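Please look through the sequence and the model below. The questions that follow go through helices and charged pairs in turn.

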Amino acid sequence: MNFVLTACGAALALGICVTSSVAQNGYEHPYFLMGNDIFEDCSRRGCPELVLAFNDMMGAVSEVRNHAPMACVPKHATRDQLSDIFTKYMRDNPSIRHRVAALLYMISMSNAFPCGR
């Protein structure tokens with residue numbers, strides 16, 4: 001089963017909703033990297049350093065929020081492998097590439113490495 005980005009998309013699994021960047025207290029979170037911002041570079045050269053940061057962030061968010069992992073990335077997966085999966089996901093889903101790159105990364109890993117299966 002593939003995750004689909006809906007109203008709150010896969011972010012619900014982390015207890016956050018990114019459909020709006022304005023929290024209930026009025027704070028607007030500044031997002032800096034959108035999928036469109038990095039797609040061309042990732043397609044040409046890969047983006048292994050970026051996926052390492054996203055992967056660490058995905059694990060840290062699960063820990064801080066005390067949630068089960070959103071994706072069960074194998075221990076010996078390489079950064080180039082993760083970069084390939086992420087880039088393929090963005091290539092195959094251009095209609096949501098305008099979204100936050102870190103969210104797209106989480107969705108791509110959830111699709112590639114679902115937990116409990």
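Q: Which helices do the buried residues of helix 2 pack against?
A: This is a predicted model, in which local features need pLDDT of at least 70, side-chain atom pairs count only at pLDDT 80 or more, and totals for chains, interfaces and linings use all residues. Residues are numbered from 1 along each chain as its sequence is written, and side-chain values use heavy atoms, with hydrogens and water left out. Helices here are DSSP runs of H or I with at least four residues, numbered from the N terminus, and contact means heavy atoms within 4.5 Å. The buried residues of helix 2 pack against helix 3 and helix 4 (101-112).

Q: Which residues of helix 2 are buried, and why can they be said to line one face?
A: Buried means under 20% relative accessible area, exposed means over 50%, and partly exposed is in between (1.4 Å probe, protein chains only). The buried residues of helix 2 are Pro48, Val51, Phe54, Met58 and Ser62. Seen down the axis of helix 2, they line one face because they fall within an arc (taken from the directions from the helix axis to the C-beta atoms) of 120°.

Q: Which residues are exposed on the other side of helix 2?
A: Helix 2 covers residues 48-64. On its other side, the exposed residues are Glu49, Asp56, Glu63 and Val64.

Q: What span does helix 2 reach from its first C-alpha to its last?
A: The expected span of a helix is 1.5 Å times one less than its number of residues. Helix 2 has 17 residues, and its reach is close to the expected value, at 24 Å.

Q: How many of the 12 residues of helix 4 are buried?
A: The buried residues of helix 4 include Leu104, Tyr105, Ile107 and Met109. They belong to a buried set that packs against helix 1, helix 2 and helix 3. Helix 4 is largely enclosed by the rest of the structure, because the number of its 12 residues that are buried is 11.

Q: Are helix 3 and helix 4 roughly parallel or roughly perpendicular to each other?
A: Two packed helices are described by the angle between their axes and the distance between the axes. Axes are lines fitted to C-alpha atoms, for helices over the stretch in contact, with angles from 0 to 180 degrees between N-to-C directions; here the axes come within 9 Å and cross at roughly 105°. Angles under 35 degrees count as roughly parallel, over 145 as roughly antiparallel, 65 to 115 as roughly perpendicular and the rest as oblique. Helix 3 and helix 4 are therefore roughly perpendicular.

Q: What is the N to O distance in the salt bridge of Lys88 and Asp92?
A: A salt bridge is a side-chain nitrogen of Lys or Arg within 4 Å of a carboxyl oxygen of Asp or Glu. Lys88 and Asp92 lie four residues apart in helix 3 (residues 79-92), about one turn of the helix. Lys88 is partly exposed at 45%, and Asp92 is partly exposed at 43%. Their N to O distance is 2.5 Å.

Q: Which residues do salt bridges that share partners join into one network?
A: Asp41 and Arg44 meet in a salt bridge at 3.5 Å, and Arg45 forms one with Asp41 at 3.8 Å. Asp41 is partly exposed at 32%, while Arg44 is exposed at 59% and Arg45 is exposed at 61%. The network joins Asp41, Arg44 and Arg45.

How values were computed: Helix = DSSP H or I, 4+ residues; strand = E, 2+ residues; numbered from the N terminus.
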